[in-house]
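Morning, everyone. Let me put the structure up, and then I'll talk you through it.

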Amino acid sequence: MGHNFGVHKYWHVINIGIQNTLVYRVNFFFKSLFGFIPLLATISLWRAVFAEKTPGDTINGYTLAGMISYYLLVMVVDALSAVAEDDFQIAGDIRDGKISQFLLKPIDYLTYRLCLFFSGRLIYTSVAAIPVLAVIFWFREYFHMPEHGSTLVWFCVSMVMTALLQFFISYTMALLAFWVLEVSTFIFMLFALEYIAGGHLFPLTILSKPLYDLLHWTPFPYQMFFPVSVFLEKITGPDLWKGLIIQFLWVIFFYLLARWVWKRGIKKYTAVGG
Amino acid sequence: MITRYLRLYWALWKNSVVRELGFKTNFLLWIVVEMLWFGLQLSFAGVIYMHTDKIGDWTKWHVVLLMGASHFIQQTFQAFFFTNCTQLSELIRTGKMDFFLLLPLNTRFLVSLRQVDLGGFVSALSGGAVMIYALKQLNYIPSMPQIAGFLMLSAMGIVLHYSLLFLLASSSFWTVRAQGIVWGYYSMFNIARLPDAAFRGFFLFFFRFAVPMLIVVNVPVKLLSNRLNSWMEIFWLFVLTTVWFLISEIFWRISLRRYTSASS
């Protein structure tokens, strides 16, 4: 018991999470399939743009192959780290009062949700792996594989931090449900911001350089652009170190923010309840 | 018969207005969300055209016109049909469908139109505003028949969107988990707003003729800006809309028969 039990119970949560999400595997499969359509459309669009240029031309350092690889990796990072329904479920738990039971049990809600997020991503990634790999295989002549083995290690490190960052930001956002009735509008607004400032829509460096220099201090690039660029070996050397440190600091920041907002929220919640 | 349905539809409208008024802030916030995403798409066009002058024969302002029209069509479609289609699976899962079947009305009419998403109309206007601005930049003033034709073809595009989505939503009669498929349709809009010249090969064929996303907005806009390659494009929009509407109706009837016989 004691400490052992503490770890054990969260394994249990992961297990339950896996079983619950397995039910949705068909949904996941369709979701990932439909998700490819915009991706393929975007790639088509860039191809048409590059068709007007002479072969070998680059757009701010991106060749056609580089651009296609970029979007393929966006798809991979997205499958590995995107928050699916978690934020809506958390907001729902708060609104419907389901979190009351967590206040009584020796279970930490944040760790509990993190376990569910983790198991959800695990199942999603394994279901989406087949179509994702098929698409990468289809574009294999364009796909950039890292030259150095160490790149993969740093990619994995930043990938884990990206997932944590995604989760903590969404978690904090969902906690707004303590104060407002309907949080989905705020979630979609944040999503729009992440979508453009994170590099979902296009590689951030094809904007002007000063703009990117400004953006890289914000948390958004570390939700997408940074891990993708690490994999593509566009960010190397001192920039890599600097990026990893900034990313790490943002993860810590949002973890602390999540804890703090939760504390405030619970205070309000229990005050209303009794 | 028709007046009865019109009166009923008027009542549904009033009902929707009352419902929206109950959540005024939320109503306004959703409009902001739609504007944000619209701005996002436009900025994507901006970024692309930082690096090229033309995609096929589409210049920057032609693409902005296309995106404005796409927003106009998509939002009008959402105002009338989208919520209703996404809720179909919920109606079936909870059994509320039975209640609709009992009413002495056309069930498809009721299920498809019972809620109006008023915010959609406001967002559609912003699409229209962007179109006017783009036409100004192009220095092109469409004639009255062109505008009328554009509106008619847009209506056809909306019916096409609706037929495809309703078909997908009807699969909820067969599987409980159709919601993912229905929401997946959302990503189709991403294709509808792109110029057809950006595509070739199988992709172009598939999204022009099989799942005709590339004609829903492209054809009305080409008519409006006098860039139609041939009248056949309009003909195809007309044919495919009719075909998909009929398919959705047949599938709806088969599904409904299955539903009513399963509960007995």
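Before anything else, a word on contacts: I call two residues in contact if their C-beta atoms, placed from the backbone, lie within 7 Å. With that in hand, Leu73(A) touches Val228(A), Phe231(A) and Leu232(A), leaving out residues up to four places away in sequence.

Some housekeeping. This is a predicted model, so local features need pLDDT of at least 70 and side-chain atom pairs count only at pLDDT 80 or more, while totals for chains, interfaces and linings use all residues. Residues are numbered from 1 along each chain as its sequence is written, and chains are lettered from A and ligands numbered from 1 in the order in which they are written.

Chain A, then. It has 11 helices and zero strands; those are DSSP runs numbered from the N terminus, H or I of at least four residues for helices, E of at least two for strands. The C-alpha trace of chain A spans about 70 × 40 × 35 Å along its principal axes. For 274 residues, a compact globule would have a radius of gyration near 19 Å, and chain A comes out at 20 Å, which agrees. That radius is taken over C-alpha atoms, and the rule is 2.2 Å times the number of residues to the power 0.38.

How much of chain A is buried? Buried residues are 37% of its 274, where buried means 20 or more other C-beta atoms within 10 Å of the residue's own, exposed means 12 or fewer, and partly exposed is in between; C-beta atoms are again placed from the backbone.

On to the core. A nonpolar core here is a set of buried Ala, Val, Leu, Ile, Met, Phe, Trp, Tyr and Cys residues joined through C-beta atoms within 7 Å. The largest one has 128 residues, and Leu73(A), Leu165(A), Phe168(A) and Val228(A) touch the most other members. Helix 3 of chain B, residues 60-94, gives the most to this core, with 16 residues.

Now the interface. 29 residues of chain B are in contact with 27 residues of chain A. On the chain B side, the largest share, 11 residues, comes from helix 2 of chain B.

So let's look at that helix. Among the buried residues of helix 2 of chain B are Trp30(B), Glu34(B) and Phe38(B). What covers the buried ones includes helix 2 (25-51) and helix 8 (184-197) of chain A, together with helix 3 and helix 6 (118-138) of chain B.
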